[in-house]
Amino acid sequence: TQSFLTTPPPLHHDSYQSPSSASSLHAKKSSSPPPPSSGQFELQELRAQLQTMKTKSISSRYLAPEKRTELSLYLTSLVSKAPSPISKRSIGPYIKGKTWRLAFSTEQATLDDLPFGATVFLRIKDDDDGGESYKKGELDYVLKFSKRVWGLRELVAKCTYQLDTSAVNPGLLTFIYQNIQTDMFGMKNLPIGFFGLLKDRGTFLETIWFDGQMWVDRGFNDGGMEYYNVYWLEDEEDEWNQ
């Protein structure tokens with residue numbers, strides 16, 4: 001775990017087998033520069049390293065600074081180079097009935113603001129109404145604790161949501177808190193309206209890139225600086241989702 005947190009991955013170099021003839025070599029030297037990367041390298045690195053973090057139960061809030069910078073550069077490069085594989089306005093059917101874990105953020109404050117030992121999950125309900133029901137529905141905004149805090153296992157904010165499928169803000173997910181419940185001392189769904197832990201947190205998720213496994217949204221901090229969050233699709237039987 002420590003080596004993953006502190007040791008950067010090996011450098012990757014593109015290779016090129018030049019022709020043997022002098023004329024071909026001259027033509028190569030005088031040719032225009034190669035096209036920019038498609039973002040595939042960045043995507044592969046992000047997938048591999050986020051999967052490693054998940055396998056080893058490494059929270060992104062505790063990453064070494066150099067590792068956080070590395071992943072931030074990969075993510076920023078990916079969303080700037082590669083268009084979203086699935087159209088932002090078409091993500092509705094892909095997110096419904098699924099659970100998504102906040103796996104990484106380029107904004108450290110996003111993670112530092114969370115309570116100790118907490119991980120964010122979005123559980124998007126599948127109401128199975130058919131038609132265009134994917135444009136709206138219910139979701140749980142969950143803070144799940146890795147270690148019980150005062151007997152607390154998770155906090156659940158019950159929400160309704162709407163997904164913008166227009167050309168105005170495609171992929172913009174707006175969710176509104178209805179009430180907050182908890183699983184405390186093994187007693188589930190106890191109303192805790194006095195527990196304002198999630199009060200006034202952001203209620204918008206602006207989709208910027210989506211491929212069915214990684215869901216990237218964009219935000220802006222208090223200084224107006226752009227940042228990105230990565231939500232990772234969870235397996236139904238995954239230990240993070242128990």
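## The cavity

A cavity is a set of grid points where a 1.4 Å probe fits but cannot get out, and its lining residues have an atom within 4 Å of a point. In this predicted model, the structure holds one cavity of 30 Å³ or more. The volume of the largest cavity is about 150 Å³. Its lining consists of 16 residues, and those nearest the centre are Ser59, Ser60, Leu102, Ala103 and Thr119. Helix 3 (40-55), strand 1 (99-105) and strand 2 (118-124) are the elements that give two or more residues to this lining.

Which classes of residue line the largest cavity? The lining has ten nonpolar residues, three polar and three charged.

## The protein as a whole

The protein has six helices and nine strands. Of its 242 residues, 43% are buried.

Among contacts with a separation of 6 or more, 63% are accounted for by residues 24 or more positions apart.

## Helix 4

Helix 4 covers residues 65-81, which makes 17 residues. From its first C-alpha to its last, helix 4 reaches 24 Å, close to the 24 Å expected at 1.5 Å a residue.

Which residues of helix 4 are buried? They are Lys67, Arg68, Glu70, Leu71, Ser72, Tyr74, Leu75, Ser77, Leu78 and Val79. An α-helix has 3.6 residues a turn, so residues three or four places apart point the same way.

## Ser57

Ser57 lies in the loop between helix 3 and helix 4. The phi angle of Ser57 is near 55°, a positive value in a residue other than glycine.

Is Ser57 buried or partly exposed? Buried means under 20% relative accessible area and exposed means over 50%, with partly exposed in between. Ser57 has 48% relative accessibility, so Ser57 counts as partly exposed.

## Thr110

Thr110 is placed in helix 6, which spans residues 108-112. Thr110 counts as buried because its relative accessibility is 14%.

How far apart are Thr110 and Asn221 in sequence and in space? In sequence, 111 residues separate Thr110 from Asn221, while their C-alpha atoms are 9.1 Å apart in space.

How values were computed:
Residues numbered from 1 in each chain as written. Predicted model: local features only at pLDDT ≥ 70, side-chain atom pairs only at ≥ 80, totals over all residues. Heavy atoms only, no water. 1 Å grid on protein atoms, 1.4 Å probe; cavity = no way out; pocket = protein on both sides within 12 Å on 5 of 7 lines; lining within 4 Å. Points joined across faces, edges and corners; volume = space filled by probe spheres on them. Helix = DSSP H or I, 4+ residues; strand = E, 2+ residues; numbered from the N terminus. Nonpolar A, V, L, I, M, F, W, Y, C, P; charged D, E, K, R; others polar. Buried < 20%, exposed > 50% of the residue type's maximum accessible area, 1.4 Å probe, protein only. Contact = heavy atoms within 4.5 Å. Expected span 1.5 Å × (residues − 1).
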